[in-house]
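Dear colleague,

Please find the structure below, handed over for your records. My notes on what was found in it follow directly after.

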Protein chains: 2
Amino acid sequence: MEAEELGNGDDLEASLISGCSYFEDDRAAHVRRCLSNTTSQLAIIGSNLCPIESLDYELIENDFLKKQDWRSRSAARIMQYVILKWSLCFLVGALSGALGFFINLAVENIAGIKFVVTSNMMLANKYGWAFGVFAVSNFVLLMFASAITTFVSPAAAGSGIPEVMSYLNGVDAPNIFSMKTLFVKVVGSIAAVSSSLHIGKAGPMIHSTACISSILGQGGSRKYKLTSRWLRYFKNDRDRRDLITCGAGAGIAAAFRAPLGGVLFSLECVSSWWRSALLWRSFFTTAVVLVVLRALIDVCRSGKCGLFGQGGLIMFDVTSADVTYHLVDLPPAIILGVIGGILGSLHNLLLEKVLRVYNLINERGHFYKLLLAALVSIFTSCCIFGLPWLASCKPCPTTGLSEPCPSIGRSGNFKKFQCAFDHYNDLASLFFNTNDDAIRNLYSAGTDRVFQKSSVVLFFVATYILGIISYGIAVPAGLFVPVILTGATYGRLVGMLTGSHSTLNHGLFAVLGSASLLGGSMRMTVSTCIILLELTNNLLLLPLVMLVLLISKTVADAFNSNIYDLIVKLKGLPYLKSHAEPYMRQLTVGDVVGGPLQMFNGVEKVSNIVHVLKTTGHNGFPVIDEPPFSDSSVLFGLILRSHLLVLLKKKQFLYTRRLASLDASKQFSYDDFAKRGSGKHETIEGIELTAEEMDMYIDLHPFANTSPYTVVETMSLAKALILFREVGLRHLLVIPKSTSRAPVVGILTRHDFTPEHILQVHPFLLRSRWTKLQLGKENLFQIFKGFI
Amino acid sequence: MEAEELGNGDDLEASLISGCSYFEDDRAAHVRRCLSNTTSQLAIIGSNLCPIESLDYELIENDFLKKQDWRSRSAARIMQYVILKWSLCFLVGALSGALGFFINLAVENIAGIKFVVTSNMMLANKYGWAFGVFAVSNFVLLMFASAITTFVSPAAAGSGIPEVMSYLNGVDAPNIFSMKTLFVKVVGSIAAVSSSLHIGKAGPMIHSTACISSILGQGGSRKYKLTSRWLRYFKNDRDRRDLITCGAGAGIAAAFRAPLGGVLFSLECVSSWWRSALLWRSFFTTAVVLVVLRALIDVCRSGKCGLFGQGGLIMFDVTSADVTYHLVDLPPAIILGVIGGILGSLHNLLLEKVLRVYNLINERGHFYKLLLAALVSIFTSCCIFGLPWLASCKPCPTTGLSEPCPSIGRSGNFKKFQCAFDHYNDLASLFFNTNDDAIRNLYSAGTDRVFQKSSVVLFFVATYILGIISYGIAVPAGLFVPVILTGATYGRLVGMLTGSHSTLNHGLFAVLGSASLLGGSMRMTVSTCIILLELTNNLLLLPLVMLVLLISKTVADAFNSNIYDLIVKLKGLPYLKSHAEPYMRQLTVGDVVGGPLQMFNGVEKVSNIVHVLKTTGHNGFPVIDEPPFSDSSVLFGLILRSHLLVLLKKKQFLYTRRLASLDASKQFSYDDFAKRGSGKHETIEGIELTAEEMDMYIDLHPFANTSPYTVVETMSLAKALILFREVGLRHLLVIPKSTSRAPVVGILTRHDFTPEHILQVHPFLLRSRWTKLQLGKENLFQIFKGFI
């Protein structure tokens, strides 16, 4: 049994790290039994993981679909398809823009009211009450977010970017793009961010827009009769993948008002397959986002949006037209890069440790999840309200102010806090604000004298720690904003320490600091660069930002890998990297694939098919032609489980073992074989067949994919991986070298390329030098890998 | 013979369009005889084309190289490799930056002196002399450029971007990256641009930087002892391809001072394979370009660079900080987009026609090439000197001038021309300047009243025509600058006509006009957008530029394909697109591959190998094991012609048909099998063997690639193309479906996927609907294809 699983195993339980029961005998049954999704942030080590399926990105070319393919249809149908594709992109863009605006509006208003009420109480010297109101409102908001996440959709916890990355890599975890997840992600993110936690909204934003794309791409709902004939051409994984890629770009575009940054983020970081046609479509989507966002912000300029005011990050510009820099500015930039690299990799390391601990807590039950969230909320409230007392009051600057100082009765930037009139507390200006406002304060030019060194140091230490301990609790939480904020803080600090040795103002130092920590933690280069430039609207900074990013990424790559890779690994998602590991070149595909495997004849008995489908969880079966249908035993093609289920359900069986004479296209329609939405599967248990029917036959020929990709068993594993990854396969048939054997010796799936599987089959590799390197024992090699 | 060629044909003579003697019997001999390169702009229709080879991007995994591979080497060796890789990128960046600066400096000075001398003569009322000096200097400069192109390196003619695109697609045309080509490209481009021809320097710039990358990547020169042991790890096509990809990005970065634009241009337009590691390396290269460029420009600010002055496009900023736009600005932007789409596709159409005519002239001989260049030069001089006389003089504006009006004795923008003192000729300000200065004039803000409508209309018509007739003569000539200039002209015109209906100034209209024509002609979106934003240093324009680009590309795609695709097709370069054409899904690989083909036994007789190598031009041969070396006849691997030649040259033969007992790694070194530089090939004629040696044997096992990619003969051609293209193959082995036949039935190469080959083998497809569509008979489908 085990050997068979190896050869044909397909349901990718991401049990690789968690060590769960992948190779157990009751696996097939277990797979179907376990329906709740725990692939979220909360389901990491040791928990019982759920069936993660691969996606079918390969073109299925069988006789039936070839006739039904839209490409062989009339120009009108093609037009329908094209219009649909672009309309969906437009819709995704428009909805993403509106959603981004709505989330910002909600956060600014909820958090704004909270700060205004608290400030007013402090103005009346009711400090105890003020803290009470502040802490309780934070607590309630976070508990709400945590409760809906825990009870409604655990998949909505965390950033969501790792899930989107994995989906686009071909891994479909259940519920990650469901309606529930979207709802929890949006509402939970608003509540959690408003609760003054040090978390971001960009990650949840990307996940939400990906959800929107996925829901739109699933072609409505049959249950609620919300589907349309037009949408049927979209019912396949390829088109959905494209749409979700565009959606992910739209998410960043909406979060940071950065359309180019969105396209590049989705290209550099999120997507695994990219075509130049997609570049254009993605660009269109983010352009729509931008237009919608601008129009909505224009509406708010007239003051109709409550406390929206400066509107978080989406309205932020640093347009200081005359940025000049000279040779003397290079050393501080280089120092910032190095610091960013070190702090960034340390951030990733600490975050990983914290996540491991949190997961031990979270998996103990719902109560513990809520308890953890509660503790983090109380700790954060104490920090935010308590630490500003340590700072001394500063007199308000008399010139060059764009807003009143201190700001009273509104959510301003010069916080009075405990100070006397005409004074402000600079630490409170950072702590006692939304994260977005704190970033804006740090970025602003002409504020070199506003902050004291001690305050900035204190704020830096606090944000660094708060950023790490806030991620991993059961709420939707992004990583971008805390990283940007922490980076900006030490950037300012470096600016202050450099003093007159540099011609840059401290606001620009803060921008460079953010760049360095983003480079050190996320390890993206081009997209970070463009996002920051679009955010600050200042192209002149480009060379310095590039320099800082290159240095910080290089330094950080020496220590560990990027934060999303770490999280994907922690979650046990079987993400397939694009390059082969060195030890894979020492193995052939025959070394990892096992046999015998389940195959069907071209004309197969129904009972046989039912038996195989019931006893295995495989998703693809080779179809073999034997005499009298061919001269010798030859491979005809590959048939998918989902297609077999359709055939069984339609019950168009044959009485004898012969080729079906009828035209399949008359009995079946294209819609029958359409891929259903994520998580919606037909099951073999749902199909009831009589004893008579069980004795009949099905002609599989018209429905088998006649062009499956194949490799010879002596092909090196590394090169098979390149084929598997570049073409985006789910099944790769292994054919024998010698002509005297059966026409297929096994099927390679994603699972067979994972290091954990390979090392299980070939334990001797564990002792070899290359595995050690691959497993990160020798960090020197990690440096090289980054460069190669 | 013909059937054999079909199956195994590899030397891709791009004879597809030219109808030259690909299937002739004397082909193999012909291939080696024809050594001069004519794949340049000048060698289009009907001329005798030369051997174009595919590149080996596939990893060769044979026993010998597996042991020698750097990945199995010590950490020090890996470090060496990584350092080398990054140093080469740094060098490419630094040299590209310096080259870009040098070309700009040279052009500004040469053209500047010419304009100053001519203007001074006109000031002295010597109009005849002025025209004489102007026309003669243009003529001399262009004749020089044309002569070195014609006689030294015909491959340097034209833009060079199509050649770089094709190289990165896997097509190696001889001499495109040679030292000679680099020299001619740089010097010729300076002379041609200085001769006031309406051509650009961005295309030649990209070709030059690609040349630099290729020369650096070839590991120095053995002839001049300029090589190093370090460089040997770079002697393969994959690493060279990566370096040239970075080089192409550096070219754009240097031409427009647009580092992000460079990276994206190389991603969107030039490269066929892209990895995210490459994004980072490319980004690093363009960052180096930017730093070098800035440093050099800073040197010039002190005025030491003669007439460098405002330094062409590389110093151009439109930093009008307060760009605001409203709903009323959308209609003109949409109109601009539509106009750009129509004019862009018309531009492509006319350019194609002109190129076809020019090629008929050019191929008649060197004299005709020079004659054509001479005629174009004289015509251009007449236009530039003659047309400004049609404009009426305008009085100098009294306020808001950043430079004297009229500009006397220097290369200024307010040209006095024939006017009285205190007046200037606005048409001369456009015509009687370098193209870069004209673009700057059109882009500048606050100049809404400087130009008259009639002048702009006249200038538009003239530049549109001059831009089309100037490309295609035997000089290095880019397409970017003329397109930008023409676009800016009608952009201004639209701005003038819109008048007070829009809040944008005419300079911004000019920028949008450029965007629209670039979108209509080149059909790039993201990269054009970023290049324009970086050029004008104005991120606020982003939404409008995006809108204009989307519209113009959409409109233009309805008519024809982008300019580079047209040129690649005209040149007959076998560029492999990433998507399969619909009719390919109706064919299997067995339909296009022919047999029998040349195969070798695992241990093969020397005379047999020599005979096959002498009589065919194939570059890959399957190696078959037969009893007694295996149980039955099985495929062992694939051996390359170049490796066979190395084996024959080393003469390590066996006396009997047996496996070699010696370790191959002791007899051969890694360097022996290193791929030599472009165009440098060992030939079978160069190897002399005695009769005794001819009777001996070679064991091919250690040297054959044991992991060639294979497809079953029933695989659909479309899916085989996806594999071939995505993985970047040169040979794809076709194995039989039935086990009773020979282990290999054919080899697919690039040639087998070209429409011309397929339609020759299956003429009935010519009458099918899908071919008609593919061949562009139904333009409606072209629209869809652009969207899909």
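Helices (H or I, at least four residues) and strands (E, at least two) are taken as DSSP runs, numbered from the N terminus. This is a predicted model, in which local features need pLDDT of at least 70 and side-chain atom pairs count only at pLDDT 80 or more, while totals for chains, interfaces and linings use all residues. Residues are numbered from 1 along each chain as its sequence is written, chains are lettered from A and ligands numbered from 1 in the order in which they are written, and side-chain values use heavy atoms, with hydrogens and water left out.

I begin with two loop residues of chain B. B:Arg257 sits in the loop between α10 (237–256) and α11 (259–270) of chain B. Its phi is positive, about 55°, although B:Arg257 is not a glycine. Most residues other than glycine have a negative phi. B:Arg257 is buried, at 9% relative accessible area (buried means under 20%, exposed over 50%, partly exposed in between, with a 1.4 Å probe and protein chains only). B:Lys651, in the loop between α25 (641–650) and α26 (664–667) of chain B, also has a positive phi, near 55°. B:Lys651 counts as partly exposed, with 34% relative accessibility.

Chain A contains 31 helices and 13 strands, and 66% of its 788 residues count as buried.

In chain A, helix α11 (residues 259–270) packs against helix α20 (residues 526–536) at an angle of about 165°, their axes being 8 Å apart (axes are lines fitted to C-alpha atoms, for helices over the stretch in contact, and angles run from 0 to 180 degrees between N-to-C directions). α11(A) is therefore roughly antiparallel to α20(A) (angles under 35 degrees count as roughly parallel, over 145 as roughly antiparallel, 65 to 115 as roughly perpendicular and the rest as oblique). Among the residues of α11(A) that meet α20(A) are A:Leu264 and A:Phe265, and the α20(A) side includes A:Ile530 and A:Ile531; contact means heavy atoms within 4.5 Å.

A:Glu693 belongs to helix α27 (residues 691–694) of chain A and is buried, with a relative accessible area of 16%. Leaving aside residues up to four places away in sequence, A:Glu693 touches A:Val606, A:Lys651, A:Phe653 and A:Glu688.

Finally, a rotation of 180° with 0.0 Å of shift along its axis superposes chain A on chain B, with an RMSD of 0.0 Å (by least squares on the C-alpha atoms of residues with pLDDT of at least 70 in both). The two copies are thus related as by a two-fold rotation axis.

Yours sincerely
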